[in-house]
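Let's take a walk through a protein model together.

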Amino acid sequence: MRRIVVVGGSIAALTAAQSLRAEGFDGQVTVLSDEAHRPYSRVPLSKGILAGREPVESALLPEPGDDIEFRTGARATRLDPHARVVTLADDTQVPYQGLVVTTGARARRLNGGSDLVVRTLDDARVVASRLATARSAIVLGGGFLGMEVATTCRTLGLEVTVVDLAPPLLRLLGPWLSDLAVAAARDHGIGVRVAPDGVTLLDEHTVRCGESVLEADVIVCAVGDVPNTSWLEGSGLPLAADGGLVADERCLVAPGIAAAGDVVSRHGRRTPHWTNAVEQGRAAAAALLHGEKARPYCPDPYFWTEQSGLDIKISGELPLTGTPEVLAGSVDDRSALLRWTHDDGTATAVAVNHRLPIVKLKRLGAGPPVATPSGA
């Protein structure tokens, strides 16, 4: 292959491009990003940048090497896998011999595009400017992002309410950890409103929850995401029911095409998390270069979130049922090392405000339960 094109500008894209070099590819590597910025981490967007405590530059990742061509403002609009050409919004055609799709996902919106969301660096800047003069906020969505945004709003001194169809984090984490997070949120001064009958965003300041109407200076939507695959329509590439791009066990989609990150659906499921994006970026590069000789991608179910005074790190499959084994610390003090054992003999380990090297946490959550490491 003389040229490999990576479509997307996320951490998955950057990882894939750099991994191609690490794997020994000496042809041209071109990254096409539709954003105006070089790659950045989304992790601080809902925290320091949203709060105005950290400059935008703090989220930027190191510049790609000189041996990688990185184009900003290059939005892909069409793919012809037979001619091996990516067409951009300005009708520029970019030929390739190998392709990595890392176009990620966009924020799901409730009001046709006018919602305030925190998905991109520019989104975070817009919301931060609105929060700077606000006294109250409503956050629609009680997932990781929604609860982190609510925490930041509360830290800024705003009156905050989280609204969702179910208790925050219940679907993601299961009842035990959800109850812990909700209790911490309420202790932090965050209101929680469960609206099983549905939520309607009436305008930029008003939301209807069943029979009630809530108002706030700022309403932020954090109700999930939608994979960016519209540019693949007509390409013949396989799309899953969830809209994601179907990839095999090596992150290959079709001959000469691999994929990584939030856009990928494996076994009918997307896993839009930072660790997953990085590991799939590496796997996609290796598979594109080595084919069946490349190792199958091995998921690394590791997640973390910081919200309402809780630093939660998780290694293992979610959601969780039942009551955990307490390996160290105290649940009452909200500082503990926990483990759930699953029916198949695997386990999920969770550190809540508990210092533990990530490698040790992953060992506890990797397979059949093992003895608690000394010093845990």
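Helices (H or I, at least four residues) and strands (E, at least two) are themselves DSSP runs, numbered from the N terminus. What you're looking at is a predicted model, where local features need pLDDT of at least 70, side-chain atom pairs count only at pLDDT 80 or more, and totals for chains, interfaces and linings use all residues. Residues are numbered from 1 along each chain as its sequence is written, and side-chain values use heavy atoms, with hydrogens and water left out.

Strand E2 (residues 28–32) and E3 run parallel, joined by three bridges. Strands of a sheet pair through backbone hydrogen bonds, either parallel or antiparallel.

Now zoom out. E2 and E3 belong to an open sheet of six strands, in the order E3-E2-E1-E7-E20-E19, with mixed pairing. At the edges sit strand E3 (69–71) and strand E19 (252–254), each pairing on one side only. From one strand to the next, the twist averages 20°.

Which helices lie across these strands? Helix H1 (residues 11–22) lies across strand E1 (3–7), E2 and strand E7 (98–101), and H7 lies across E1, E7, E19 and strand E20 (257–259). Contact here means heavy atoms within 4.5 Å. H1 runs at about 180° to E2, while H7 runs at about 170° to E20. For these angles, axes are lines fitted to C-alpha atoms, for helices over the stretch in contact, and values run from 0 to 180 degrees between N-to-C directions.

H7 also turns up at the second largest pocket: helix H7 (274–290), strand E21 (264–265) and strand E22 (302–307) each supply at least two residues of its lining. A pocket is an open set of points on a 1 Å grid over the protein atoms alone, with protein on both sides within 12 Å along at least five of seven lines; lining residues have an atom within 4 Å of a point. Of the 17 lining residues, Arg266, Arg269, Thr271, Asn276 and Pro299 lie nearest the centre of this pocket.

E25 gives the largest share of the lining, three residues.

Technical notes: On a 1 Å grid over the protein atoms alone, a cavity is a set of points where a 1.4 Å probe fits but cannot get out, and a pocket is an open set with protein on both sides within 12 Å along at least five of seven lines; lining residues have an atom within 4 Å of a point. Two strands pair if DSSP finds at least two bridges between them.
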